[in-house]
Each structure stands twice: as C-alpha cells, then as structure tokens.
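Let me put the model up and then talk you through it.

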Amino acid sequence: MYDTTRPEMNVDQLHTKISARNVQVFYGTKQAIKDLNVEIQDKTVTAFIGPSGCGKSTFLRCINRMNDTIDSARVEGEIMMDGSNIYDRGVDPVQLRAKVGMVFQKPNPFPKSIYDNVAYGPKIHGLARNKAEMDEIVETALRGAALWTEVKDRLQESGTGLSGGQQQRLCIARAVATAPEVLLMDEPCSALDPIATSQVEELIEQLRSQFSVVIVTHSMQQAARVSQKTAFFHLGNLVEYGDTDDIFTRPQDSRTEAYISGRIG
Amino acid sequence: MTGLAFALLLSASLAGYVMNRRAALALRDGGQRLHSLGMFHGLYALLLVLVPAFVVTVLWIMLQGSAINALTMSGLPDGVVTDAVNPQLILTEIQSIAGGRIFGEPEPWKLEAAERMNSLHAASGWLLVLVVAALSAALLYTSRRQVAADFRARQAAERIVMGLMITCSLIAVFVTIGIVFSLVFESVRFFQMVPLTDFLFGTRWEPQIPIRADQVAAEGAFGVIPVFLGTLVITFVAIFIAVPVGLMSAIYLNEFASRSFRAVAKPILELLAGIPTVVYGFFAILTVAPALRAWGAALGIPVAPNTALAAGGVMGIMLIPFISSFADDALSAVPRSLRDGAIALGATRSETVLNVLFPAAIPGIMGGVLLAVSRAIGETMIVVMAAGLIATMNINPLDSVTTITVQIVTLLIGDTAFDSPKTLAAFALGLMLFIVTLFINILALRIVRKYREQYD
Amino acid sequence: MTDFPNDGTKSGGQQWASEAFKGRLAKRHRKETGLKLLGLAALSLAFLMLGILLWTLISGGAQAFRQTHVTLDVPISAEMVDAADPAAGNYRGVIGEAMQATFPDAAPDQMRALSGILSNAAQFVLRDRVVADPELIGQTVEIRVPTSDTYDQLNKGNVDEGSAEATRRLSDEEIRAFRQLEAEGRITLPANWALLTNADSRFPELAGLRGAIIGSFYALLVCFVISFPLGIGAAIYLEEFAPKNKISDVIEVNINNLAAVPSVVFGLLGLAVFLNWFGMQRSAPFVGGLVLALMTLPTIIIATRAALKAVPPSIREAAMGVGASKQQVVFGHVLPLAMPGILTGTIIGLAQALGETAPLLLIGMNAFVTAAPGSPFDASTALPTQIFIWADSPERGFVARTSAAILVLLGFLVLMNAIAIFLRNKFERRW
C-alpha cells in the first residue's frame with residue numbers, strides 16, 4: 001500500500017516539475033491561450049479554475065501534447081518538464097504521454113474487461129515481464145484508485161458495466177498503472193454524483209504523495225478542498241497563480257475576486 | 001394512341017381545374033362566402049379527373065398485351081396448336097412477325113395471326129381513347145356539380161393527395177410482394193416437375209433437357225449443391241480480397257491520412273463503386289483472366305480460362321469501396337473519448353486503432369461485410385461474363401465454377417417457355433437467391449442499427 | 001509491490017530512460033510505420049486496379065473512335081443501274097467494276113478477295129447517294145466508305161505482318177493490295193462518328209451505339225417518370241405524415257431491404273410479371289424502364305427522406321404558425337427547400353440504373369436490333385446490354401468497340417454525376 005506514514009515533505013524541498021514559458025495556443029486562427037507562464041510543482045495538487053472557455057482545459061491538454069491529435073491546433077512557446085522542452089523535435093509524444101497520465105471529464109473505459117483496462121498501459125509500454133507482475137500492477141493500481149475491494153471478484157467483467165463513479169476510478173487506475181510522473185485531470189468529477197465525487201477527491205489527496213497532479217475544475221469548492229496551488233484563467237490568460245489559500249482569501253486581481261465571489265462565470 | 005389518351009386525360013383535368021375555379025370565383029363574385037379558395041375547387045376537379053383516368057390508362061396499357069395475346073391465340077385455326085408444339089414459341093414468333101421482324105418463310109396462318117394481332121392493337125388503342133374520354137367527361141360533370149360555397153374543396157383535395165401518397169408508399173411493399181409472389185408461383189410449378197429434395201440435395205446440375213419429346217438427350221438434373229458451392233467459392237475469393245484491402249484503406253484514411261489527401265483519395269475510391277458491373281465483367285475477361293493464366297503458366301500451375309479467381313477477384317475490387325466506407329463509418333462512430341483515452345495512456349496511433357477502435361467498431365464492420373457478402377452472392381454481370389457455365393462439385397478457385405446468378409441468366413437468356421422446367425428452374429434459383437440475400441441483409445441491417453444505437 | 005516503481009519521479013524517470021524501454025519504443029514505432037505502409041499499400045492497390053481498368057479501356061477503346069476509310073472513284077454505268085428504278089440497281093456489280101479498275105492486273109479470282117477490302121456497307125452508301133440524286137447515273141462519283149474490319153485492324157497496326165502468312169487473317173497479297181491503295185492516298189483514318197450515329201450491325205466497322213443510346217434514354221425516361229413521383233410521394237408520406245406505428249415500421253424495413261435485393265431478382269420479376277402475365281413487348285425499353293424504376297424507387301425514397309429531414313423544423317413551424325394546413329406547409333415550403341437534395345439523389349439513382357445490366361438481359365434487351373427504336377415500345381438494346389453483346393462477339397473490331405462503348409457509357413455516368421455534384425454545391429443549404 002501507499003506509504004502514508006512518510007512525513008509531509010517540506011514545501012521548500014519541492015522542485016518545479018513543469019514550467020511553461022510564453023505558451024500560445026491557436027485553433028486555426030483563433031487564439032485560445034495567450035502568453036501563458038506558470039510553474040507547476042512536484043508532489044502538489046494544482047487546480048486550474050476559471051469560467052468555461054477560458055483555456056484551462058486547452059492548457060492541460062498541452063502538457064501531454066494531446067492537442068497534437070487535433071489537426072488545427074498549434075502550440076507556441078515552451079513547456080519544460082524536468083528541464084527539457086516537451087515540444088522539442090526529439091521528444092516522442094508517445095513516451096511523454098506514458099510519463100504524463102490523463103483522466104478525462106467523462107469516464108471513458110475501453111469496452112474491455114476491468115483487468116484489461118488497467119493492464120492496457122503497462123502492456124503497451126512493456127512494464128511487466130510476466131503475468132504475475134501484471135497481476136500485481138493491476139492490483140496496485142486498483143488499490144491506489146480505491147476500487148480494488150469493489151471489483152476484485154469481477155476483474156473479467158466489462159469495464160463499461162460499472163457505475164459512473166466506479167468507471168471514473170477505473171480510468172484513474174488505468175492512468176496510474178503506467179506509473180506516470182504527472183497526472184492530469186480534466187474536470188474528473190463533473191459527471192459524477194456527490195458521493196462518487198468525494199471518493200475521487202480523497203483519491204486525489206492520496207495520489208499527491210506520488211505524482212504531481214494537475215486538475216481542471218469548474219467547482220471552486222473542489223479546488224479549495226483538493227489543491228495546494230490554484231491558477232485562475234480568464235479568456236485565455238492566466239490571471240493569477242498562487243497558493244490556494246491566498247487565491248481564495250486574498251485574490252490580487254479584480255477578475256479573480258469577481259469570479260470567486262460569483263460575479264462572473 | 002397511348003399518347004392521345006394521355007393528352008386527353010391531361011387536357012380534361014386541366015379543363016376541370018379552369019372550369020371549377022371559374023365557377024367558384026363566380027359564386028364569390030355573386031356575393032357568397034366560399035369555404036375554400038377558388039384554387040382548391042380547381043385542384044379538386046383536376047385531381048378527381050386525373051387520378052382515375054390515369055389509373056385506367058396505365059392498367060389498360062399493362063393488361064392489354066395479355067388480352068391481345070389470348071385473343072390472337074384463341075383465333076388460330078384449329079389443329080395448328082398441337083401438343084408437340086409449344087404455344088409459347090408460336091406466340092413469340094407471331095409477336096415478332098407483328099413487330100416487323102420476319103425470319104424465313106412463316107406459314108400463312110402465322111402471318112394472318114400477326115395481322116390480326118396488329119389490328120387488335122389498333123382497336124385497343126381507339127377503345128382506350130374512347131374510355132378515357134367518357135370517363136373524363138363523367139368525372140368533369142360530377143366535380144362541376146359539387147362546386148358550392150360551403151363545399152370543403154381544400155379538405156377534399158387534400159384527402160385525395162393523402163390517398164395518393166399512401167398508395168405510393170404501399171407500392172414499395174407491393175414490389176416486395178410481387179417479387180415473392182412471382183418467384184414462389186413459378187417455383188411451385190417447378191417443384192411440381194422436380195421434387196424439392198432433388199433440388200436442394202442433388203449434386204448434379206445439368207439443366208439440358210430435350211426440347212422435343214422424341215429428341216434423344218440426357219435427362220436434366222437439377223441439384224443445386226454444385227451451383228451453390230461455386231457461388232460460395234467466388235464470394236469467398238471476393239471477400240478475401242475486399243475485406244483486408246477495404247479495411248486497411250479505411251484505417252489509413254481514417255487515422256493516418258492528412259485531411260487534403262483524404263479529400264482526394266475518398267472520392268477516387270468511390271469511383272470504383274460507381275463503375276457498372278458489366279464494365280468489371282469486361283475487365284475480368286479482357287485483362288484479369290489472361291493475366292492470371294499467364295502467371296499460372298509461368299509458375300507451372302494450370303489455371304482455367306474462366307477461373308473463379310478472375311471473377312471473384314474483380315468482384316473483390318468492386319467491393320473495396322463498399323467495405324472501406326462501412327469501416328470508415330464504423331471507426332468514425334467510435335466516440336472520441338475512447339481514442340483520447342488510449343492516446344493519453346501513451347498508445348501509438350496504430351495501437352489505438354488495433355486495440356481500442358477496431359474492437360469497438362467490429363459490429364459495424366461486420367454489418368458491412370455481411371452486406372458485401374450478400375452483394376457478392378447476388379452480383380450477376382461479372383460472373384455471367386467471367387465465370388463458367390458448367391456446375392461441378394469443385395472448390396478449387398483456379399478452376400472454373402458457376403454461380404446461381406450465372407445459371408439464372410443462362411437459363412433465361414433468349415426465348416423462354418414458361419412451361420419447361422429449364423425456365424422454371426431459374427425462378428427456383430431466384431427464390432433461393434432472394435431468401436439467402438434477404439436473410440443476410442436483415443441480419444446485417446439489424447447489426448448496423450444496433451451498433452449505431454450503442455454510440456448515439 | 002516491491003519491484004513496481006510507484007514511488008514517483010526517481011525510479012519512473014529511470015524507467016522511461018532505460019535502454020530496454022527505448023528499444024521497445026522504437027519497435028512500437030516500427031509497428032506503427034508498418035501499419036501505415038500496409039494501409040497505404042491497400043489504398044495503392046485499389047488505385048492501381050482503377051488505373052489499370054481505365055487504362056485498358058482507354059488504350060483499347062481509343063482506336064475505335066477512328067475508322068479506316070477508303071476513297072474510290074466509281075463509274076455508275078446505266079447498264080447496272082436503271083435510271084427508272086435506281087433503288088434496284090446492281091450496286092455490288094458497280095463497286096466490283098470500280099475495284100477492277102483500281103486493280104487492273106488482278107485476276108478474277110483475286111478480285112473476290114480484294115473486294116473484301118470494302119465494307120459491306122459500300123453498296124448501300126452508293127445506293128443512297130444515287131437514289132437521292134439519279135443524275136449521277138452515267139457519271140463517275142467519288143465515294144468514301146469504311147473498310148472491312150480486318151483491313152481496319154491492318155491499318156491500325158494490329159496485324160503482325162512478320163508472322164507466318166497462314167496464321168493471320170490477311171494474305172500477303174491482300175496486304176500488298178491495301179498498301180497499294182494506301183500509296184495512292186486512298187486510305188484515310190477519320191473520326192468514327194458512325195460509332196454514335198449507326199445502330200448495331202454484324203459487321204464491326206458498321207456497328208454503332210445509336211440504338212443502344214436511344215434505348216437507354218427511353219428506359220431512363222420511363223424509369224424517371226415512374227420512380228420520381230412515386231418515390232417523392234412515398235417519402236413525403238413516410239417522413240411527414242405517417243403515424244409512428246407497426247405498419248410504418250414494416251414499410252420502412254421493407255424499403256431498406258428492397259434497396260439491397262440483387263438486381264437479377266428484379267429481372268425475374270419483370271420477366272414473370274410484365275412479360276409473362278401482362279404480355280408486354282419483349283426487349284422494349286418501356287419494360288426495361290419499368291423494372292429499373294422499381295429498382296430505383298428505394299434509392300429515391302431514401303434520398304428524399306434525407307433531404308426532407310434536413311429542412312429544419314423551424315420552417316414548418318413558421319408556416320404552420322400563419323395557419324397553413326400540413327399539406328400546404330409540406331408542398332409549399334418544405335418540398336421546394338428539399339428539392340436540390342431530392343434531385344441530387346434522383347440523378348445518382350438514375351446513373352446507377354443506367355449501368356444496370358442483369359435485369360435488362362432477362363427481359364430480352366440483348367436482342368440483335370439493327371434499327372434504333374422509334375418509341376419506348378420497340379425492341380431495342382441499352383448501352384450496358386450492348387456492351388455485353390459486343391463483349392461476346394469474336395471479331396477483333398468488337399473488342400475495341402466494346403471498350404469504346406464502355407467509355408461512352410462512363411462518359412454519360414460522369415456527366416450525370418457532375419450534374420448531381422453541381423446541383424448539390426450550387427443549391428444545397430447548410431442550416
């Protein structure tokens with residue numbers, strides 16, 4: 001199990017995992033992100049908040065180069081991860097995505113068994129040498145996603161037969177099974193009921209001990225509950241970035257304040 | 001004469017329109033409040049005249065032929081129609097004489113009958129014109145009498161239009177009923193001559209039967225198994241080529257091709273589907289079969305001149321766009337979120353396609369493949385031109401095999417006599433073809449529909 | 001849990017950078033390239049086949065668009081042709097004399113072979129000239145007539161003159177005679193308009209597509225006149241008025257299945273019902289059109305329903321809102337807006353019908369007819385059945401003519417589809 005007895009790490013020791021410099025994103029001729037600079041720290045939950053269409057999901061999809069799959073999307077500037085630019089010519093997006101996992105807004109389990117869903121990533125990346133190792137990876141990932149006790153007796157059943165909350169946790173298990181370094185979550189709770197949401201939120205808190213987690217949410221309460229750092233996006237601009245407590249209690253920018261107090265959104 | 005009848009009914013209905021509209025407007029000008037606009041009074045008259053007169057004319061044209069034939073045949077002098085001579089053949093000959101195509105020196109009674117047939121045709125034409133004129137006049141009179149201020153002309157006209165539209169949609173059903181009925185009717189006559197079990201389980205198909213009773217010839221044999229076997233061989237060859245090529249093309253176009261390449265390549269691929277089958281047949285005999293023979297000779301393998309490979313291969317080429325468009329649709333219908341899920345895990349595009357999209361799209365693709373199988377079984381011209389005529393118990397695609405459709409066409413091409421088992425056998429084959437393809441089509445359409453619902 | 005690196009950056013980072021992982025990654029990318037190449041190969045195969053098909057047709061058919069002609073001076077003697085009845089003249093003899101004059105050295109038994117240079121049509125060409133203008137009797141006229149097929153092939157370079165004399169269809173002497181005519185400048189190779197203006201013939205050099213084109217035209221006309229109104233009526237009812245119940249479902253399933261019934265089955269229907277029961281004229285384009293109409297009906301219904309469905313409900317609501325009846329809405333507003341889509345679907349359906357062969361064979365539209373039909377009720381062939389007949393004919397000239405006929409058919413198909421695309425681009429609205 002996860003080592004929860006380990007003492008909390010000192011904030012000073014946390015190094016920067018991802019740093020974005022002058023990032024611009026265009027869809028065709030439309031600019032979705034303007035001149036964005038941000039530093040995301042390791043072993044931290046960073047929340048992106050802002051009104052819909054503000055570019056938060058777009059930026060999230062830049063971090064694992066998912067935007068490459070959209071023909072009209074174009075990314076400028078640089079996003080450094082552990083000191084190297086992920087948009088360099090030599091970087092293989094396939095390898096990058098193995099390091100940067102992603103969980104989507106709507107649960108999207110493959111129409112395969114629960115086991116195969118979780119084992120898919122390790123299988124394609126060749127992380128297990130034999131069946132026993134694979135079983136262990138699957139179990140660990142499902143335990144990590146707090147799903148193991150619910151599904152351990154029906155691993156061969158279809159992943160699409162689970163409830164919405166279970167499906168989303170299955171997707172999280174699928175993402176953590178490849179042992180990523182960063183986990184991106186795009187509004188992971190928006191399709192879930194309150195109980196499932198709180199389960200997923202608990203999970204995020206646990207995952208922080210191993211990954212850097214970046215979560216996009218439209219719920220400010222959620223951001224306040226789960227994150228240590230918060231970034232506020234508005235109309236393609238990163239307006240304000242800082243400790244979650246500061247953003248919610250002492251916003252520096254009038255737009256942030258307006259959003260938090262519910263006047264824009 | 002037919003033209004005159006049509007002109008008559010058209011002008012009568014137009015006259016009805018003008019007349020009733022004028023009458024209605026006159027009522028209005030007389031100070032009465034009309035329930036319907038004058039136009040609808042006119043429209044009502046137009047439809048009331050047009051529809052019955054048109055139906056009568058069309059039925060007349062369709063039915064006059066058999067009536068005239070019956071009259072001609074019954075007017076033949078006694079003794080010329082004997083058991084030895086097929087009355088169908090006599091009728092065909094008289095018809096062609098009447099049409100001005102005289103071969104050799106026909107007997108005088110045939111010339112006479114042909115003349116009588118022509119005069120019957122002329123009489124029938126005049127009678128039709130007369131009937132249409134009388135009918136139109138009667139209907140014009142009826143509709144004119146109905147013009148009144150409170151006559152609901154719009155509702156009446158709309159009722160007629162609604163009836164017409166319902167008839168139109170029922171015609172599609174009638175066509176199916178007509179197909180089933182005609183096939184079953186002739187097949188039943190066939191099975192009175194040849195037992196059903198001989199047909200279904202016989203292993204010899206030799207439909208050459210004596211035309212005259214005294215002719216020495218082999219008894220015809222009507223066992224469908226070798227014909228069916230040949231159909232399967234050719235279908236298998238076609239599917240064996242069309243499915244992998246179509247599928248891989250769809251995967252390439254869907255996943256790897258740039259947008260501009262796709263915009264050019266897809267229509268070119270569709271061209272293959274637009275080429276008439278007779279062209280493919282010609283291609284098979286002119287280019288493919290000789291090429292296959294030459295390659296076979298070079299390799300020391302004997303290849304029959306009309307090998308099943310040529311017909312099946314060309315049919316496979318024809319089916320490529322069919323498979324590829326179905327596969328393309330099925331792959332595109334897989335939700336984007338599944339694709340994103342796989343890619344975000346670090347799967348390459350090919351892994352995404354093969355492990356996630358393709359398994360999810362299999363039902364849709366299967367539906368397309370089944371429809372392609374049904375097409376291949378029912379495809380006619382390619383095999384008529386490029387496959388063999390002799391039915392053998394043989395599944396070697398290098399040899400010549402025959403198919404159901406080839407046999408249907410060979411049995412029916414040229415003059416047909418509807419009382420010989422040879423002609424009727426074609427209908428029995430047709431019935432079998434219809435049942436098999438219908439079954440496959442229903443299955444395929446159901447699979448495709450289920451698949452679409454799953455992701456909608 | 002021991003050897004699975006789940007403690008974040010450190011071992012994860014090592015793992016992704018390991019040689020083993022890189023090797024696996026390279027292998028996976030090779031697989032990706034492999035699939036891509038396989039797809040490209042499949043696509044290329046399809047294109048290659050299309051290319052070979054078109055190339056065979058064009059290279060084989062191009063020759064048939066020109067026809068070797070020979071120009072001959074023919075003295076029309078009054079002995080052979082009686083001025084009182086020019087139509088009954090011995091034109092065969094006249095031409096024989098002209099040939100003898102052209103080859104003065106040839107012995108009578110050679111002459112028979114040499115007169116084979118001219119097509120059988122020569123005497124009729126001459127007769128028509130003289131009948132039209134009896135003044136010509138007693139004069140010498142210059143006529144230009146097609147050569148027979150074997151000499152046409154010789155002129156087009158399809159006869160291997162180096163091969164043994166016994167294996168070819170022309171003797172050395174015949175070839176010499178032809179070369180002599182060529183040297184005298186009597187041989188020309190003009191455009192072969194006869195291919196379009198003549199009807200069918202047993203002689204390849206005279207055979208043309210006029211009958212087939214007119215037959216196809218009549219059949220398509222009948223097909224259109226029947227299937228267009230029926231299809232639109234059925235589609236409007238099913239889309240706009242039909243209650244959603246079992247009967248509508250049955251009709252709908254029925255139409256979808258009808259669209260997939262093999263075409264030869266429609267031929268059987270036509271043969272049994274139209275020819276045998278109704279006693280209609282065999283080989284007539286009218287019957288062909290009827291059968292094609294039944295086949296095209298589902299296509300038109302499906303296209304019309306799609307076009308009607310594409311008209312937004314707001315149009316219907318707007319018209320209903322001002323008090324129009326349902327039928328007034330449909331016929332006054334929805335149908336006109338859907339018309340471009342309906343026409344496009346109809347033209348595509350008709351193009352399919354134009355290429356349809358099997359059902360026409362079964363109702364006898366493969367008859368040998370040497371005159372173009374004067375009405376839809378005369379016996380005739382159609383373009384695809386003519387192709388089928390010619391493809392079956394052994395003469396060398398028919399091979400090229402089959403390809404040429406196919407090119408003509410494909411030309412009509414391209415034209416129809418171009419019209420459909422034009423209509424769609426010009427009139428189709430995006431809502």
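**Chains B and C, then a look at A**

So, chain B to begin with: the C-alpha centres of its domain 1 and domain 2 sit 45 Å apart. Those domains are residues 2-166 for domain 1 and 221-455 for domain 2, with bounds that come from an automatic or database domain assignment.

Quick housekeeping. This is a predicted model, where local features need pLDDT of at least 70 and side-chain atom pairs count only at pLDDT 80 or more, while totals for chains, interfaces and linings use all residues. Residues are numbered from 1 along each chain as its sequence is written, chains are lettered from A and ligands numbered from 1 in the order in which they are written, and side-chain values use heavy atoms, with hydrogens and water left out.

Staying with chain B, UniProt, in an unreviewed entry, has "transmembrane region" on a list of spans that includes 42-63 and 273-295. For all the UniProt labels today, positions are in the numbering used here, feature names are shortened, and annotations may be inferred rather than shown by experiment. Residues 42-63 of chain B are 100% helix and 0% strand, and their end C-alpha atoms are 32 Å apart. For residues 273-295 of chain B, you get 91% helix, 0% strand and 27 Å between the end C-alpha atoms. When I name a helix or a strand, that's a DSSP run, H or I over at least four residues for helices and E over at least two for strands, numbered from the N terminus.

Now chain C. A64(C), F65(C) and D149(C) supply 60% of what domain 1 of chain C buries against domain 2, more than any other three residues.

On pairings between these two domains of chain C, the salt bridge count is 0, where a salt bridge is a side-chain nitrogen of Lys or Arg within 4 Å of a carboxyl oxygen of Asp or Glu. There are 2 residue pairs in polar contact, both partners at pLDDT 80 or more. A polar contact is a pair of N or O atoms within 3.5 Å; within protein, one must be able to donate a hydrogen and the other to accept it, and residues adjacent in sequence count only if both atoms are side-chain atoms.

UniProt's unreviewed entry for chain C puts "domain: ABC transmembrane type-1" on residues 213-420. That span of chain C is 78% helix and 0% strand, with 21 Å between its end C-alpha atoms. The "transmembrane region" spans for chain C, again from the unreviewed entry, include 217-238 and 286-308. Residues 217-238 of chain C are 100% helix, ends 30 Å apart by C-alpha, and residues 286-308 of chain C are 100% helix with end C-alpha atoms 30 Å apart.

Next, where C meets B. What area is buried between chain C and chain B? About 7100 Å², with 77% from carbon and sulfur atoms. Chain C brings 78 residues to the contact and chain B brings 90. The rule finds 1 salt bridge across that interface: E351(B) with R28(C), closest N and O atoms 2.7 Å apart. Helix α2 of chain C, residues 19-61, gives the largest share of chain C's side, 20 residues.

Last, chain A. The unreviewed UniProt entry has "domain: ABC transporter" on residues 18-260 of chain A, a span that is 38% helix and 27% strand. R21(A) and E78(A) make a salt bridge at 3.0 Å, N to O. That pair links strand β1 to strand β4 of chain A, 57 residues apart.

Key. Contact = heavy atoms within 4.5 Å. Buried area = accessible area lost by both parts, 1.4 Å probe.
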